[in-house]
Amino acid sequence: MENTEFGHFDDANKEYVITNPLTPSPWINYLGSDSFFSLISNTAGGYSFYRDAKFRRLTRYRYNNVPSDDGGRYFYINDGKDIWSPGWKPCKTDLDAYECRHGMNYSRISGQKNNIKAEALFFVPQGDNLEIQKVKLSNLGTEKKTFQLHSLQEWCLWNAEDDMTNFQRNFSTGEVEVEGSTIYHKTEYRERRNHYSFYHVNADITAYDTQRECFLGPYNGFEQPDAVINGSNNSFAHGWSPIASHQLTISLEPGEETELVFLLGYVEVDPNNKWQAPNIINKHPAKALIEKYDTAAKVQKSFDELCSYWQEMLSHYQLQSNDNKLNRSVNIWNQYQCLVTFNMSRSASFFEAGIGRGMGFRDSNQDLLGFIHMDPKRSRERILDIAAIQFEDGSVYHQYQPLTKKGNAAIGGNFNDDPLWLIASSTAYIKETGDFSIVEEPVPFDNDGNNVASLFEHLRLSFDHVLNNLGPHKLPLIGRADWNDCLNLNCYSSDPNESFQTTENQQGGIAESVMIAGMFVYYGKQYAELCLELGKTDEALRAQSAIKDMEQAIEQHGWDGEWFLRAYDAKGNKVGTNEHSESKIFIESQGFCAMAGVGRENGKVHSALDAVKNMLDCDYGIVLNYPAFTTYHLEYGEISTYPPGYKENGGIFCHNNPWIMIAEASIGRGDHAFDYYKKITPAFQKDVKRRKIEPYVYAQMVAGKEAPLPGEAKNSWLTGTAAWNYHAITEHILGVKPSYQGLEIDPCIPSGWESYSVTRRFRGASYEISIKNPEGLSSGISCILVDGKEIDSKRIPLAKAGSNVKVEVLLGT
């Protein structure tokens with residue numbers, strides 16, 4: 001247990017324990033794993049939504065607010081001496097004790113003041129659309145305690161963007177109903193909506209409030225509400241800003257405790273059965289949901305089921321090594337973050353407001369790389385959903401909305417790396433599951449059920465989209481952008497009111513991407529391999545020929561002498577060349593071309609990776625480009641708008657660091673690969689205060705070596721770093737990799753490691769894999785024993801479902 005001034009890991013309980021509420025930034029957790037989701041900070045801030053953070057937002061949250069992190073699920077205690085909250089905020093009263101435990105899809109926040117302890121457990125139960133808040137109140141003193149408890153949720157008027165802007169309408173639309181201890185939010189239910197939300201407590205209440213101004217007072221913030229000081233008003237919302245607040249009177253004898261269950265729920269009803277009486281909503285489904293969780297015992301049972309679910313989810317890959325930081329990263333937090341990114345893509349965090357972005361096409365495909373092994377069924381569904389926003393020419397929408405699963409026309413497409421990521425996720429899924437039937441699954445184009453083709457045809461179109469969009473150097477055209485959305489070589493604009501990415505003023509532009517070229521070789525080889533597995537020999541040969549041509553184009557036109565170029569701009573000029581004074585080298589093309597093995601035989605891979613080490617590496621990770629731009633370059637788009645050392649301009653964009661790890665592993669340099677891994681992995685970070693964000697999850701961006709404060713992180717949780725770093729450590733460094741015909745064992749580790757073991761569940765069987773390294777090597781296998789018998793391959797034969805297989809691996813020359 002490594003303590004910091006803010007908290008520590010509790011590996012046994014799979015929790016991060018925060019002991020100081022004054023964290024450098026709000027440290028959050030995610031509740032829910034299917035349709036209903038909540039974000040919760042260490043002081044109980046955050047919000048809840050059903051499926052889509054923009055269109056089905058239940059509760060309101062204020063981004064970029066002063067003070068930070070205002071709004072959430074709040075409990076207030078007025079004990080006659082002080083007004084306080086167990087999560088410290090919003091009251092900010094000094095507490096006698098405070099603790100927040102963020103676990104797997106749950107958070108437990110407790111506070112203590114004046115011999116009263118309040119502990120709130122927050123989680124979303126499996127299979128139901130509600131957030132449970134179980135509150136335990138204890139009298140730790142020697143005298144009887146009687147006090148008032150107030151709850152608070154502030155309703156969002158469903159569309160989170162409209163809620164923050166359309167005040168001429170919204171201040172007149174808020175509607176609620178109150179029945180017993182349940183407050184129902186039904187804004188716009190009379191018109192086009194057939195859904196409502198509710199906030200319930202399983203006890204009699206003494207009063208309530210549903211109008212925010214009546215609860216807070218007209219000029220108060222959340223910290224000292226009038227209703228908490230003077231008692232609730234039984235206010236009834238009529239427009240303005242509806243809320244839900246219960247008032248309860250609690251009496252506890254010395255040593256006594258009581259538990260209350262608060263439920264924040266979402267209900268959809270049959271449009272033909274919306275009302276149970278004139279202007280009275282159909283409450284029957286809400287009451288059925290309430291009855292399911294109306295006691296602490298029922299809630300505990302549901303919580304136990306959630307914990308069992310996570311025990312199962314995490315059991316598919318478990319590492320036992322001598323490094324506790326590595327174990328907790330691989331076994332707990334990295335896998336957990338992979339599930340969150342699978343659910344959210346890049347749509348809803350404390351950095352993403354949940355209103356501007358849907359599910360990204362490239363993002364969701366990459367996120368699957370760290371999730372498929374946990375839940376193949378949901379992965380299969382996601383792949384088919386993603387493929388359905390592709391067009392017949394192989395291009396795709398850049399995003400889709402999770403509520404409708406339709407492409408986001410406001411953003412459109414023409415990000416030319418996008419189609420190739422479908423090959424990445426589809427081949428990874430088949431290797432994990434052996435489910436080749438997915439390639440025959442009929443999938444629409446642009447979600448048009450009258451225009452469908454097999455998934456395999458979608459994959460072929462993804463492959464051919466590159467070949468049908470080549471530039472003067474026979475390298476892939478970049479379109480609006482490739483993976484780096486801020487390198488906009490065809491979209492530059494001098495108008496500050498225009499988007500860098502969607503102002504495509506170079507239609508027919510010749511800007512080319514060396515990164516996409518490397519991707520094409522890397523994923524093209526996987527496509528060709530799939531074709532061979534399917535018996536499509538002619539297609540495999542066609543693909544292999546195209547891949548060979550692309551490799552030649554990269555070596556001829558994509559090599560700068562010591563490293564790979566990044567691109568050619570719209571005028572045919574080199575990007576990422578030693579000829580320039582700024583941004584001589586970029587990470588992305590080094591990563592993908594090296595992973596693909598372009599020029600491995602003639603030393604280009606080694607040279608490119610040496611250049612990464614010498615020019616891009618720093619104490620906190622690998623920067624994206626170096627030296628950073630110090631002036632704005634119109635022809636490059638958004639990238640040079642950032643100050644040096646931040647985001648895409650010389651920042652450590654952690655998402656791409658694993659590409660270098662994988663490339664280093666591919667040439668046997670395990671010490672380099674693991675050194676890069678440690679530099680960006682949260683558990684290995686020493687300066688938590690400087691890093692600022694949560695110490696248990698990856699960041700999208702860490703300030704680079706040219707920034708004023710190197711090592712400071714931004715954009716936590718929702719980043720492709722989670723899946724890619726999990727993929728890098730588990731498959732390429734630890735070396736346990738799914739293939740079409742079985743598990744492949746091929747470690748590339750630090751030379752100082754003596755041994756480690758991996759438990760890998762794969763296609764229904766369990767493999768106990770022990771790796772020993774007596775010669776102090778990074779790679780190379782001298783012997784593999786399977787159940788005591790030596791095999792002559794790195795591939796472990798498939799075992800029957802339900803069997804346990806013992807694998808012994810000896811590294812050697």
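Visitor: Is Trp88 buried or exposed in this structure?

Guide: This is a predicted model, and the values discussed here are computed from it. A residue counts as buried when its relative accessible area is under 20%. Trp88 has a relative accessible area of 16%, so Trp88 is buried. Trp88 lies in the loop between β8 and β9. Its phi is near 75°, which is a positive value in a residue other than glycine.

Visitor: What is the phi of Lys647, and where does this residue lie?

Guide: The phi of Lys647 is near 50°, again a positive value in a residue other than glycine. Lys647 belongs to the loop between β33 (625-626) and β34 (652-653). With a relative accessible area of 18%, Lys647 is buried.

Visitor: How should I read the pairing of strands?

Guide: Strands of a sheet pair through backbone hydrogen bonds, either parallel or antiparallel. Strand β10 (residues 106-113) runs antiparallel to β11, and eight bridges join them. Tyr106 stands opposite Phe123 in β11. Two residues lie between the strands of this hairpin, and Asn114 takes a positive phi near 55° there. Strand β11 is also joined to strand β12 (residues 130-139) by eight bridges, again antiparallel. Glu119 has Lys136 of β12 as its bridge partner. The hairpin of β11 and β12 has six residues between the strands, and Gly127 in the turn has a positive phi of about 85°.

Visitor: How many residues of strand β11 are buried?

Guide: Seven of the eight residues of β11 (residues 116-123) are buried, so this strand is largely enclosed by the rest of the structure.

Visitor: In what order do β27, β28 and β29 stand in their sheet?

Guide: The order is β27-β28-β29, in an open sheet with antiparallel pairing. The edge strands, β27 (512-513) and β29 (574-575), each pair on one side only. Two bridges join β27 to strand β28 (residues 567-568), and in β28 the bridge partner of Ser513 is Ala567.

Visitor: Which residues of helix α5 are buried, and why do they line one face?

Guide: An α-helix has 3.6 residues a turn, so residues three or four places apart point the same way. In helix α5 (residues 284-292), the residues Ala286, Leu289 and Ile290 are buried. Seen down the axis of α5, the buried residues fall within an arc of 100°, so they line one face of the helix. His284 and Glu291, on the other side of α5, are exposed. The buried residues of α5 pack against β12, β15 (182-185), β16 (195-201) and β19 (257-268).

Visitor: What span should helix α15 have?

Guide: At 1.5 Å a residue, the 13 residues of α15 (residues 604-616) should span 18 Å; the end C-alpha atoms are 17 Å apart, which agrees. The buried residues of α15 include Val605, Leu609, Val612 and Leu616. Viewed down the axis of α15, its buried residues fall within an arc of 150°, so they line one face of the helix.

Visitor: Which residues touch the most other members of the largest nonpolar core?

Guide: In soluble globular proteins, nonpolar side chains tend to be buried together. Here the largest nonpolar core has 233 residues, of which Leu137, Trp421, Ile554, Phe592 and Tyr677 touch the most other members. Helix α12 (residues 514-533) gives the most to this core, with 13 residues. Setting aside neighbours within four places in sequence, Trp421 is in contact with residues including Trp483, Met519, Phe592 and Trp724. A second, separate core of 11 residues includes Tyr76, Ile83, Cys91 and Ala227.

Visitor: How many disulfides are found in the whole structure?

Guide: A disulfide is a covalent bond between the sulfur atoms of two cysteines. A search of the whole structure finds zero disulfides. For Cys338, the nearest cysteine sulfur is that of Cys654, 14 Å away. For Cys654, the nearest is that of Cys618, 9.9 Å away. Cys338 counts as buried at 0% relative accessibility, and Cys654 is buried with a relative accessible area of 1%.

Technical notes
Residues are numbered from 1 along each chain as its sequence is written. This is a predicted model: local features need pLDDT of at least 70, side-chain atom pairs count only at pLDDT 80 or more; totals for chains, interfaces and linings use all residues. Side-chain values use heavy atoms; hydrogens and water are left out. Buried means under 20% relative accessible area, exposed over 50%, partly exposed in between (1.4 Å probe, protein chains only). Helices (H or I, at least four residues) and strands (E, at least two) are DSSP runs, numbered from the N terminus. Two strands pair if DSSP finds at least two bridges between them. The arc is that of the directions from the helix axis to the C-beta atoms. Contact means heavy atoms within 4.5 Å. A disulfide is a pair of cysteine sulfur atoms within 2.5 Å. A nonpolar core is a set of buried Ala, Val, Leu, Ile, Met, Phe, Trp, Tyr and Cys residues joined through side-chain atoms within 4.5 Å. The expected span of a helix is 1.5 Å times one less than its number of residues.
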